[in-house]
Amino acid sequence: MKNAHPLLQALEALYPPERLLTRDAQLLTYESDALTAFHSKPAAAVIPISEAEVIETVRLCHQLAVPFVARGSGTSLSGGSLPIADGLLVALNRLNRIKSIDPEQRIAVVEPGVVNLHITHAAAPYGLYYAPDPSSQSICTIGGNIAFNSGGAHCLKYGMTSNHVLGMKVVLADGAVTEFGSDSLDGCGVGPDLIGLFVGSEGLFGIALEITVRLLPQPERYRTLLAAYDDLGKAGDAVSRVVASGMLPGAIEIMDRLAIQAAEAAVQAGYPDAEALLIVELEGEAPQVEAEFAQLQAMMRASGAFELRSARDEAERARIWKGRKGAFSAVGRLSPDYIVQDGVVPRSRLGEALTRIKALKTKHQLEVANVFHAGDGNLHPLILYDGRQPGALEKAEALAGEILALCIKLGGSITGEHGVGMEKRDYMPAMFSEQELDIMQALRRAIDPKEIANRGKMFPSGEAPALQQRGMHPLERQGVISRE
Amino acid sequence: MTTQSKPRAVAELQDFVRGNTLVHARGNGSKSALHPAAADIAIADLSLMRGIVEYQPAEFTLSARAGSPIAELKAALAAEGQYLPFDPLLPERATIGGTVAANLSGSRRYRYGGLRDFILGASVVDGGGRAYTVGGKVVKNAAGFDLSKFLVGSLGQYAIMTELTFKVFPDAPHFSSLRLRYQTLDAALAAIFFLNQSIFELDALDLLPAADGWSLLARLGGGADALPPRLERIRAALQSETAPQAAEEVADTARLWQPLRQLDAAFVAKVVLPPKRIPALERGISGCQRRYSCGGNIAWVATEDIAALDRALAALGLAGLCLQGDCEKPLLGKAPESILSARVKAALDPDGKLV
């Protein structure tokens, strides 16, 4: 797109120069997201400060058939917010108002650029919080969470982003503005659940302008248990015991030896030297949680853990989670580059999946660290490689591909919470039939006939930008964001 | 004469959809208001497509054919100490497909969420007669568009469900229920708002008119040892913070938590609203029997005059759905979203076959 392009001319009338970026140096920030292997430079970026500007921008893009990508903080792990070369990037960070909080009805109305954790901060004085907790929650935005139906460590009990959205106002890819849902806990309530359809559509349907989210009361009591095992399989079996017991923990997480060592080196969480660590966290009313915690400790002892630690206070709980949540950036210290996958397997096949991943890593002669949401079978294998060595990325990608194929074969999914984005689009045909993909494409075209919204994502396509190896995102290196 | 088919297999249903101009799906017909009577509409009765396809308690997932009676699913889950947390509304008569199509969660929805929060995937036959699956079968899945949630509340007008997969949870082994009495609606709502911001994790919270004011029913579920102290704490907190006229423990029966139980009129409808709109709705529908479920977020209303309810809801900007009664237009009040829905219709049912 040259400067004389009619879209740029139209945008100049809409945005002041400081919010319409066209110079290379200005656009550098937006070249990549948290999947740093992909880089692509947009023709221009705009920074709207009002809903009206977003709507007008989308209408112009539709009119002139110019593809656009909406972006919040760019923490997508699947390349979901990667710009389209010669397309427009719409940076939504300035639409960051929390419009209202109604603690009595436990709802908040926010703009898409609001940072996930800021909702919790605003709700905290009322004893409430916003539940979905992706590891990047201190910088990722709700708009991005909506596009990718983001999860986190605490999704087992209360669900992912989609489960916390009650109402939305959106601009569809062709500029039509529509609203669905309500202020009621029942959300859409009458009529099809459009929230469920829009959330997780990876930016292919349009841009969320205003979102009503539900808030939850902060649990009265957390009880966090760390169990150390001399064998990864034992930790997996322990998860089965917890699940069979009828308890519903807030989080069940496992880390393997390599991940433990990395976390230890990075944040000194004080983890035991073990083959596997299991973190189980109970939350809720104190009398209930204390009763279950006693039961949990007995169960973990019987599961063959060689060491059990329970957090005695909030500081100890925070330390246990610091190691877990920082594990990814920590693993990054062990290796110049890594790929993280987030495939899902049925929980009962976790042990089998881990054994096979171990065999695959030997076959490909690569190191793999495992950190995962064991409660919902959501794996996060981190494949370490050195991008400076010729062929290393390709080798790592081959291993990643085999892990995804394994997840599908075991009856799971190629992604539990990171989305398909750029990264996994070529695996869609392995998970969905041609007809299913055709239906999704038909749906997409019914909403976006010119295929301008986040073009090139989710669906298999030949228009992939060149792969590059650049190592970690600068923010990731500093531990501000992490790939969970 | 109306054409009717009771398919036993997906292929039969596909043929039926392909061979007719207008098709309407039904299960057990427990929601009489939702079934059009026009002679030119062919009826696909799914009651023979029933049965659990896969239930793995350790996975917290259950797949069943759409025509499965809720009662059958509940019994299988209860045998493993599990349940459908959205609490299907008409457990004795409805099928799971009809419950999804009409989006009917019961009082226990208050604890963990509604139907849409627990549906994981579905197999469907769409308006084009194509059979395919949407969503997934594992508890977490972010691949592709989530059309399974879209089916919730879709009234079978986009695709006919043939199989459904849900996330299930372990059920609480014991329950206790409290009845609180308040003289005014404002006092009862204040109690709901207090509970909304409290540490108490209620299994259900319903509000209903009583002879001398309002009754608030609160239910706790959990372990046997923890339940008595929890009940005592919540009762004490409500006594000191919300000053009820009375606060008594009542027998926790299944009947107590069936919100439609005492609603008896020509028409029964669901209304979606935030609790702060209850006073306005009360003024708009005076004389109707009603019960407010899920902390006052869903109203169940029984009336002899459905047209008046429709007008009242429209004036208030609230949406409703008539479930029972001989009613021409089950969608009440504020019209549902039409822009995005129409695009989905164009993709899944381009000939407008499914009604």
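**Note on the interfaces of chains A and B**

1. Eleven salt bridges cross the interface of chain A and chain B. A salt bridge here is a side-chain nitrogen of Lys or Arg within 4 Å of a carboxyl oxygen of Asp or Glu. In one pair, the side chain of Asp186(A) meets that of Lys270(B), 2.8 Å from N to O.

2. Some ground rules. This is a predicted model, in which local features need pLDDT of at least 70 and side-chain atom pairs count only at pLDDT 80 or more, while totals for chains, interfaces and linings use all residues. Residues are numbered from 1 along each chain as its sequence is written, chains are lettered from A and ligands numbered from 1 in the order in which they are written, and side-chain values use heavy atoms, with hydrogens and water left out.

3. Next, the extent of the chain A and chain B interface. On the chain A side 89 residues are in contact with 73 residues of chain B; contact means heavy atoms within 4.5 Å. The two chains bury about 6600 Å² between them, and carbon and sulfur atoms give 58% of that area. Buried area is the accessible area (1.4 Å probe) that two parts lose on being put together, summed over both.

4. Polar contacts also cross between the chains. The rule finds 37 residue pairs in polar contact between chain A and chain B, both residues at pLDDT 80 or more. A polar contact is a pair of N or O atoms within 3.5 Å; within protein, one must be able to donate a hydrogen and the other to accept it, and residues adjacent in sequence count only if both atoms are side-chain atoms.

5. Which elements of chain A each supply at least two residues of the side that touches chain B? They are helices H6 (155–158), H7 (194–198), H10 (286–302), H15 (428–431) and H16 (434–447), with strands S8 (165–172) and S9 (177–181). H16(A) gives the most, with nine residues. Helices (H or I, at least four residues) and strands (E, at least two) are DSSP runs, numbered from the N terminus. By class, this side of chain A divides into 43 nonpolar, 27 polar and 19 charged residues. Ala, Val, Leu, Ile, Met, Phe, Trp, Tyr, Cys and Pro count as nonpolar, Asp, Glu, Lys and Arg as charged, and the others, Gly among them, as polar.

6. Now the domains of chain A. The assignment gives domain 1 (6–94), domain 2 (98–217) and domain 3 (219–419 + 430–446 + 471–484). Such bounds come from an automatic or database domain assignment. The centres of domain 1 and domain 2 of chain A, taken over C-alpha atoms, are 22 Å apart. In chain A, 15 residues of domain 1 are in contact with 18 residues of domain 2. These two domains of chain A bury about 1400 Å² between them, with 66% of it on carbon and sulfur atoms. In domain 1, Glu51(A), Thr75(A) and Leu92(A) lose the most area to domain 2, together 32% of what that side buries.

7. Two salt bridges link domain 1 and domain 2 of chain A. Glu51(A) and Lys169(A) form a salt bridge through their side chains, at 2.4 Å from N to O. Three residue pairs are in polar contact across this interface of chain A, both residues at pLDDT 80 or more. On the domain 1 side, helix H3 (51–64) and strand S3 (68–71) of chain A give two or more residues. H3(A) supplies the largest share, six residues. That side of domain 1 of chain A has six nonpolar, seven polar and two charged residues.

8. Chain B has eleven helices and 19 strands. Its radius of gyration is 21 Å, close to the 20 Å that the globule rule gives for 355 residues, so chain B is as compact as a globular protein of that length. The radius is taken over C-alpha atoms; the globule rule is 2.2 Å times the number of residues to the power 0.38. The C-alpha trace of chain B spans about 65 × 50 × 30 Å along its principal axes.

9. Chain B is assigned domain 1 (4–170), domain 2 (174–257) and domain 3 (267–333). Domain 2 and domain 3 of chain B bury about 1000 Å² between them, 62% of it on carbon and sulfur atoms. Phe193(B), Asp206(B) and Leu207(B) supply 34% of the area that domain 2 buries there, more than any other three residues. Between these domains of chain B the count is one salt bridge. Arg291(B) and Asp206(B) meet in a salt bridge at 2.9 Å, N to O.
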